[in-house]
Amino acid sequence: MPPVWFALCIGNTRSHWAYIEHHHICAMWEAPHLTPAEFDGKIWRDLQNRSQQYRRPSSSRHTPLLSAADSPHVTHAADPSQATLIATEVHPYPDEVSRLQPHPTSAPTGRSPEVVASRPPIVIASVVPSQTHLWQTWLDRTAYPHRILSLADIPLAGLYPTLGIDRALAGLGVGQHLGFPCLTIDGGTALTFTGFANVEARSSARSNLADRSDPSSSSNPSNPSEQTPAQGLLIGGAILPGMGLQYRSLGQQTAQLSAVRSSFDRNAALRPFPATRWARDTLGAIDSGIHRAIGAIAWDFITDWQRRYPTAIVAITGGDALAIEVAIQEYVQDHHGRTLGEAERTRIKVIPEAIIWGMIAAVDAIALIPHSPDTSGDSW
């Protein structure tokens, strides 16, 4: 695996990109899903420009760098304790690395393996089958090397076949960086709660939890623990509609509330915000209901998890992470008459890059397996 590559996590509504160099996240940005017509030279030129813009000088390779350039959202530093972004410097790549290819049908033949291998590959994790198929169909490996991750590539035990790979990657990334056990709360199109423990907790988890892992997972040939040592154990979790989906469902299903959806879409960048409990307008009332419901549900899962694992990290990620954090704080203030204590603030973290951490960890695990097969097609 080259020291420089792009990570692409395809979510239900948009794609999340990152530029990785020497195990560090140099930049993160978001983009709409691609269509077949968009697989042309513009993609390669955009990636080339980003690799040049975000490349870290050799003298600073010990310092993780991120950039919020061209991103519609605030990008947080790779170290959650860092409060500000670190500016990146622009350093052009050597010609053989930055010479990205246009549409695969016009890619020249006869390229040497050394030149092909020098191009930063794309590592893809997708929860949208149509987008997965699109990348498999339109991205020529000889023009631009790539690999599509599957659950079999994730070094976690207890995974079940229908688990979203984004949930698994977030747990892997947080667990490897901050330690197992951990609880990940992903505020995307769906709001998910997923708990992971140390591998040693397998026996106690089976005896203490009513919701047990899929019994077939231990003998499933796609179980990644059979390919590489598991770094953590999936305990289980829950899924419900995400914050944006709740707002939009009211706008779609209730004729009198059609303005709610457009108002939410227009003002999404302004959230999170404190929601008045007893609102005197429709949008405010919806804010109150959704925010307090999410705060209550999130705090319920957090407190139950911390009863089981008192020192566990809780990582909040996804596009609505900050709104969820505010909702939790509001719930604790309303129902317990206090703010989060110092120990709670230390253990409950907003970590936008959790899934990218997991992709880095998965790539590292793949590299340790001799002749690791690529289940999405050819090997690198």
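In the predicted model, the buried residues of helix α10 are A321, A323, I324, V326, A327, I328, E330, Y331 and V332. This helix covers residues 321-336, and its 16 residues should span 22 Å at 1.5 Å a residue, a value with which the 22 Å between its end C-alpha atoms agrees. Helix α10 is followed by G337, a residue whose phi is positive, near 60°.

Helix α5, which comprises residues 165-178, contains D166. This residue is buried yet has no salt bridge, and the nearest side chain of opposite charge, that of R167, is 6.1 Å away. When neighbours within four places in sequence are left aside, D166 is in contact with C9, V127, D186 and I355.

One of these contacts, C9, belongs to strand β1, where W5, A7 and C9 point one way and V4, F6, L8 and I10 point the other way, all of them being buried. Since seven of the seven residues of β1 are buried, this strand is largely enclosed by the rest of the structure. A hairpin joins β1 to β2 through four residues, and the two strands pair in the antiparallel sense over seven bridges, with A7 standing opposite A18 in β2.

Strand β1 takes part in a second open sheet, in which five strands follow the order β3-β2-β1-β4-β5 and the pairing is again mixed. The edge strands here are β3 (24-31) and β5 (146-148), each of which pairs on one side only, and the twist from one strand to the next averages 20°. Strand β1 (residues 4-10) pairs with strand β4 (residues 122-126) in the parallel sense over five bridges, and the bridge partner of F6 in β4 is I122. Helix α4 (residues 129-138) lies across β1, β2 (15-21), β4 and β5, and runs at about 155° to β4. Helix α12 (residues 354-367) likewise packs on this sheet, touching β1, β2, β3, β4 and β5, and its direction makes about 125° with that of β1.

A further residue, T346, lies in helix α11, which spans residues 342-347. With a relative accessible area of 45%, T346 is partly exposed, because this category covers values between the 20% below which a residue is buried and the 50% above which a residue is exposed. Although T346 and V314 are 32 residues apart along the chain, their C-alpha atoms are separated by 9.3 Å.

Methods. Residues are numbered from 1 along each chain as its sequence is written. This is a predicted model: local features need pLDDT of at least 70, side-chain atom pairs count only at pLDDT 80 or more; totals for chains, interfaces and linings use all residues. Side-chain values use heavy atoms; hydrogens and water are left out. The expected span of a helix is 1.5 Å times one less than its number of residues. Buried means under 20% relative accessible area, exposed over 50%, partly exposed in between (1.4 Å probe, protein chains only). Lys and Arg count as positive and Asp and Glu as negative; His and the chain ends are not counted. A salt bridge is a side-chain nitrogen of Lys or Arg within 4 Å of a carboxyl oxygen of Asp or Glu. Contact means heavy atoms within 4.5 Å. Two strands pair if DSSP finds at least two bridges between them. Axes are lines fitted to C-alpha atoms, for helices over the stretch in contact, and angles run from 0 to 180 degrees between N-to-C directions.
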